[in-house]
Amino acid sequence: MVLYDSATLGGSCSGSSSSSSSSKPPPLQQRQQTQQDIDGLLAGAGYRVRSSELRKVAQRLERLETAMVNSPADLSQLASDTIHYNPSDLASWVDSLLSEFTQPPTCPSEFIMDPETNQTVVSDAWTTAEPHMPQVHQNISYQQQSLNNQLTVDNQLTVVTAMEEDSGIRLVHMLMTCAECVQRGDFSLATSCLEDMQGLLTRVNTVCGIGKVAGHFIDALSRRIFQGIGGGSINGGSAYENEILYHHFYEACPYLKFAHFTANQAILEAFDGHDCVHVVDFNLMHGLQWPALIQALALRPGGPPLLRLTGIGPPSPDGRDSLREIGLRLAELARSVNVRFAFRGVAASRLEDVKPWMLQVNPKESVAVNSIMQLHRLLGSDLNRNSPIETVLSWIRSLNPKIMTVVEQEANHNQPGFLDRFTEALHYYSTMFDSLEACTVQPNKALAEIYIQREIANVVSCEGSARVERHEPLSKWRTRLSGAGFRPLHLGSNAYKQASMLLTLFSAEGYSVEENDGCLTLGWHSRPLIAASAWQAVSDGTADFPA
Amino acid sequence: MVQNHRREDHETGGENKEKRPKFFINDHVDILIEILERLDGRSLCVAASVCRLWCTIARNDSLWEKLCFRHVSPPPSSVRSVVLALGGYKRLYTGCVRPVRSRLGRVRRASWARDEVQLSLSLFCVDYYERLGGSNSNGRLVEKSSPSSLMFLCKPVNV
């Protein structure tokens with residue numbers, strides 16, 4: 001029996017553990033002993049391995065070597081993300097490294113046949129991961145899950161077995177079935193579907209991939225079924241929370257940066273030669289878009305203009321004037337770079353409550369209107385009054401802006417049929433989560449996911465006035481804006497060049513910028529996810545207003 | 001005592017003019033600056049640890065300005081006041097220009113050199129703005145102590 005062990009060990013040892021092969025005979029005899037001695041020869045080299053585990057470690061090292069050779073060039077995350085506890089403890093160190101790689105479906109063979117007892121032995125390191133998985137899945141509140149357990153979740157196995165892939169596909173099918181039941185109004189069947197899906201989730205890895213997205217959609221569906229379509233808790237997030245989530249979304253992935261830089265470039269080009277300019281921002285948040293514009297205006301040939309910025313944002317509770325604070329910060333920056341600057345804040349909880357007189361536009365100045373993912377909120381139709389989008393578009397037009405920059409999600413989430421909307425949202429947000437996987441910056445990633453999760457919940461579980469995430473694709477916006485009296489402005493090669501450079505800076509290789517008839521879209525692997533366009537009011541008043 | 005004499009002989013031998021170096025770079029600061037101007041960023045930082053004189057010179061922002069605009073035609077004079085207001089050229093180089101150049105270097109196109117600097121400037125400005133927020137906050141924006149919009153430049157890049 002000892003000879004058998006030494007032969008298999010010799011066969012399975014990879015080059016890196018060659019020192020262990022020379023130490024085979026003495027430690028294996030110690031295997032008979034109950035005491036687990038640290039292997040003497042390896043200890044001399046600085047590694048602590050229990051003699052009984054030498055065989056396991058050697059096999060794992062071999063597997064690690066093949067994984068490193070075959071993995072899709074993802075090795076840098078080993079350097080940055082993994083917490084390597086105590087490399088001298090060779091067994092657990094190799095295990096922690098191995099858990100970083102997606103293993104091919106060889107899970108059953110991981111169970112090592114212990115030749116002495118002829119029993120299946122699963123090593124300690126693997127079993128520590130297993131109990132975590134059911135714990136993660138049975139907790140239904142995914143929001144808290146992603147925040148609290150981020151660290152444990154990251155160190156879990158990311159093993160995708162054939163069984164899991166099958167479960168993933170089944171999960172998608174069940175999601176569609178459940179959505180169809182909801183559309184039909186068959187809530188009892190939908191509820192049983194939900195329970196089945198939650199059971200299925202325990203067998204799917206929810207750290208990444210379809211499991212994670214499915215978890216959010218299941219959450220949204222259960223919210224719709226059990227809490228109704230009012231969407232209270234989702235839309236009730238405070239403005240402060242929203243700003244924080246928005247900020248982390250800004251930093252985790254390039255979509256907002258792309259939006260800001262592209263819009264700024266278009267505004268900069270439109271303001272060329274004008275000395276008195278006024279920018280109206282439909283959603284100020286932390287004002288992250290404007291420092292770059294202020295700096296670009298400061299350095300433009302001919303000197304900076306007088307810049308006025310009007311920021312629209314939700315009213316802040318408890319007396320704090322957050323809009324004014326942001327305005328003060330921007331003013332300080334503008335002062336440092338010698339740009340004459342004036343700020344005005346307009347507090348409004350909904351965009352349709354804003355009236356043009358609040359903006360105090362001077363007729364002699366050039367106006368730019370900037371809307372980053374705000375116009376789609378106006379698409380909810382209330383039959384009692386004029387549709388808000390038309391009201392807002394008409395007063396924008398009355399301001400006669402030099403340019404209106406519109407950035408919107410490139411998705412069709414405003415279809416009347418629930419199932420179509422659900423299907424489209426599933427595809428869209430799966431792609432978006434895939435692109436987030438490339439982000440390695442914590443805690444941005446977790447909070448960015450919560451930001452996206454809120455969008456998902458709003459698209460799926462709300463209706464009527466509560467549903468504000470009514471995304472429409474670029475083609476529909478083109479029709480709508482042309483019909484409201486705007487003509488498109490081409491974004492130009494400078495914007496395209498800047499966007500391409502910005503994306504190259506992001507480490508993930510999957511992002512792509514495309515030009516779409518004068519508009520720029522940013523997407524992940526040829527699926528556009530966000531579209532930026534620029535518009536100008538048609539000067540004569542002959543445009544048709546839809547009735 | 002004999003040994004002492006020998007040592008003194010050595011010292012006098014050392015003070016012999018043929019053995020003393022004729023040229024000591026620290027006596028010629030203008031040449032030193034010319035040389036340091038041509039170093040890359042990392043070497044310049046290392047040079048700052050050589051001695052006090054080198055440290056003073058290497059910390060001079062104009063050296064870093066030349067480094068930022070290497071390979072690019074000299075910018076208009078207005079750029080300098082803006083960059084100094086936002087934190088200086090050394091910070092601009094180490095925080096933005098160097099990571100931008102190294103990442104874009106893999107897909108380097110000749111026409112991008114100036115745009116790289118412009119993009120770096122924009123990112124630098126956003127970073128300054130965030131630093132403003134961090135220092136002025138009354139605790140509200142305190143989560144931003146670690147995240148910064150430049151963090152994506154600091155993380156290692158997947159090749």
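The buried residues of helix α23 of chain A are covered by elements that include α20 (388–398), β7 (403–409), β8 (486–489), β9 (511–516), β10 (519–524) and β11 (527–537) of chain A, where contact means heavy atoms within 4.5 Å. This is a predicted model, in which local features need pLDDT of at least 70, side-chain atom pairs count only at pLDDT 80 or more, and totals for chains, interfaces and linings use all residues. Side-chain values use heavy atoms, without hydrogens and water.

Which residues of α23 (residues 474–483) are buried? They are Leu474(A), Trp477(A) and Leu481(A); buried means under 20% relative accessible area, with a 1.4 Å probe and protein chains only. Viewed down the axis of α23(A), these residues fall within an arc of 55 degrees, so they line one face of the helix. The arc is that of the directions from the helix axis to the C-beta atoms. An α-helix has 3.6 residues a turn, so residues three or four places apart point the same way. Just after α23(A), Gly485(A) adopts a positive phi of about 100 degrees.

I turn now to a helix pair. Helix α17 (residues 255–270) of chain A packs against helix α18 (residues 290–298) of chain A at an angle of about 30 degrees, with the axes 10 Å apart. That makes α17(A) roughly parallel to α18(A), a term for angles under 35 degrees. From α17(A), Asn264(A), Ile267(A) and Leu268(A) meet Trp290(A), Ala292(A), Leu293(A), Ala296(A) and Leu297(A) in α18(A).

Finally, Asn205(A) lies in the loop between α13 (187–201) and α14 (210–227) of chain A. Asn205(A) is buried, at a relative accessible area of 5%. Its C-alpha atom is separated by 8.9 Å from that of Gly168(A), 37 residues apart along the chain.

Key. Residues are numbered from 1 along each chain as its sequence is written. Chains are lettered from A and ligands numbered from 1 in the order in which they are written. Axes are lines fitted to C-alpha atoms, for helices over the stretch in contact, and angles run from 0 to 180 degrees between N-to-C directions. Helices (H or I, at least four residues) and strands (E, at least two) are DSSP runs, numbered from the N terminus. Angles under 35 degrees count as roughly parallel, over 145 as roughly antiparallel, 65 to 115 as roughly perpendicular and the rest as oblique. Buried means under 20% relative accessible area, exposed over 50%, partly exposed in between (1.4 Å probe, protein chains only).
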